[in-house]
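Subject: Structure handover

Hi,

My notes follow below it.

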Amino acid sequence: MDIKNLYEIFLKHPTITTDSRDVPADSIFFALKGESFNGNAYAKASIEKGAAYAVVDEEEYCEKDDERYILVDDVLTTLQQLAKHHRCQLGTTIIGVTGTNGKTTTKELIAAVLKKKYNILFTQGNFNNHIGVPKTLLQLTKEHELAVIEMGANHPGEIKALVNIVLPDYGTITNVGKAHLLGFGSFEGVIRTKGELYDFLRADNGTAFINNDNPHLRGISAGLRLIRYGQKEAEGLLVKGEFIECNPMLKFKWSPVPSPYSPYEVQTKLIGSYNLDNALAAACIGTLFAVSADKICEALSEYTPANNRSQLTVTENNKLVVDAYNANPTSMKAALDNFKVINAPHKMCILGDMKELGEASEAEHQKIISMLDDCGFEEIWLVGDEFAKAVKATKPATLNIKLFANVDEVKTLLLSSKPKDKLILIKGSNSTKLIQAVDLL
């Protein structure tokens, strides 16, 4: 079956599922494969649960003479092609978002701002990969005026593949940093891969929103139509921002350029001065799309972070800065820089290993140990083998460090003895599962 014929079926049955445990009535089940599962084996069960059709790529799982089974060469490729075809049929204006750090928060802030004026679709959570992106696009309807689509990557070529499905009209790269070095091979590999969004926009006459303060982004933006924002004075800015304080919530000023009025002041619910750039990206995009400044301020002040990203959690015993969704050298440094300047009498941190750094792992963890030496925290808990190696190599005599092999050891200690009356930063790669310690603090 070709995509046009499948699309006619999709228009009559516009609900897509890839999970045989969740099969809405009259949906289309796409039998995806993974390292440990074969969705084809669940096609029949999905039909029995109420799916109108099942898209499979292994003939043995098709019921003979049953037109509800659609045989294709590759289910994932078909899902992606269907999403691209749907996107082209609707012609919705799409803003693509990628970057090493902050892309999910930036996407959420952009969506919050644009929702003040438009009916929009935006990526839910961090469903930003080769499966989540097409599933999001297939939720587009004629009623949506704009879409904000987040795209993630941990290997070269992944952003290129995603932008060729999304076909964004506009795009923004939040930043480029040291993450997934095992997959990208080097920091330069990160820059090239994130820059694949720029490459598409450049070839397709699109427009990029750019943080003009970021030299890495300026360095790969030649030949692009640029809409600029930043904190430093520069020609051609659409929006300029100014940091006020972060104690612990970010407060800042911003204004369109030029503006006859005093800058607008925004008190956010975001922890971290590094979120200023994310907020300015949203203000810049809102300004271009004619969202009023008052509504932009309202959206930025109302937004409450979730998904364990820079959340302030107050417990019976402590205040926690929970940033345990992910970690890499760039985001870890930013989190520590911010936490260091927050005014609190008793501070400690619980840091988990930064994963997927390859040969750079030992050196990058040692850099974090050296940085901690200048932070003045009362206690430092480090979780994982990589931090243990770094401590052994650097032998920091002046730091009050406790080492833990894993989060289970942390939880065991907390059950018998826990910190009290402290402000605690919790940050580590998701696989370290530090989020499990939050309820015990």
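How many nonpolar, polar and charged residues are in the lining of the largest cavity? By class, there are six nonpolar, one polar and one charged. Bear in mind that this is a predicted model.

**Cavity**
The structure holds one cavity of 30 Å³ or more. About 40 Å³ of space lies in the largest cavity. Its lining residues are Ile271, Tyr274, Val321, Asp323, Ala335, Asn338, Phe339 and Leu425. Strand 15 (319–323) and helix 13 (329–341) each supply at least two residues of that lining. Helix 13 gives the most, with three residues.

**Second largest pocket**
The volume here is about 370 Å³. The second largest pocket has 16 lining residues. Phe127, Ile131, Gly132, Lys135 and Thr136 lie nearest its centre. Helix 5 (residues 132–137) gives the most to this lining, with three residues.

**Helix pair**
Two packed helices are described by the angle between their axes and the distance between the axes. Helix 4 (residues 103–114) and helix 12 (residues 293–302) pack at an angle of about 135°, with axes 8 Å apart. Helix 4 and helix 12 are therefore oblique to each other. Helix 4 passes helix 12 in a right-handed crossing. On the helix 4 side, the contact residues are Leu109, Ala112 and Val113. They meet Ile296, Ala299 and Leu300 in helix 12. The residues of this contact divide into six nonpolar, no polar and no charged.

Best wishes

Key
Residues numbered from 1 in each chain as written. Predicted model: local features only at pLDDT ≥ 70, side-chain atom pairs only at ≥ 80, totals over all residues. Heavy atoms only, no water. 1 Å grid on protein atoms, 1.4 Å probe; cavity = no way out; pocket = protein on both sides within 12 Å on 5 of 7 lines; lining within 4 Å. Points joined across faces, edges and corners; volume = space filled by probe spheres on them. Helix = DSSP H or I, 4+ residues; strand = E, 2+ residues; numbered from the N terminus. Axes fitted to C-alpha atoms, helices over the stretch in contact; angles between N-to-C directions. Parallel < 35°, antiparallel > 145°, perpendicular 65-115°, else oblique. Left-handed = near helix turned anticlockwise from the far one by under 90°. Contact = heavy atoms within 4.5 Å. Nonpolar A, V, L, I, M, F, W, Y, C, P; charged D, E, K, R; others polar.
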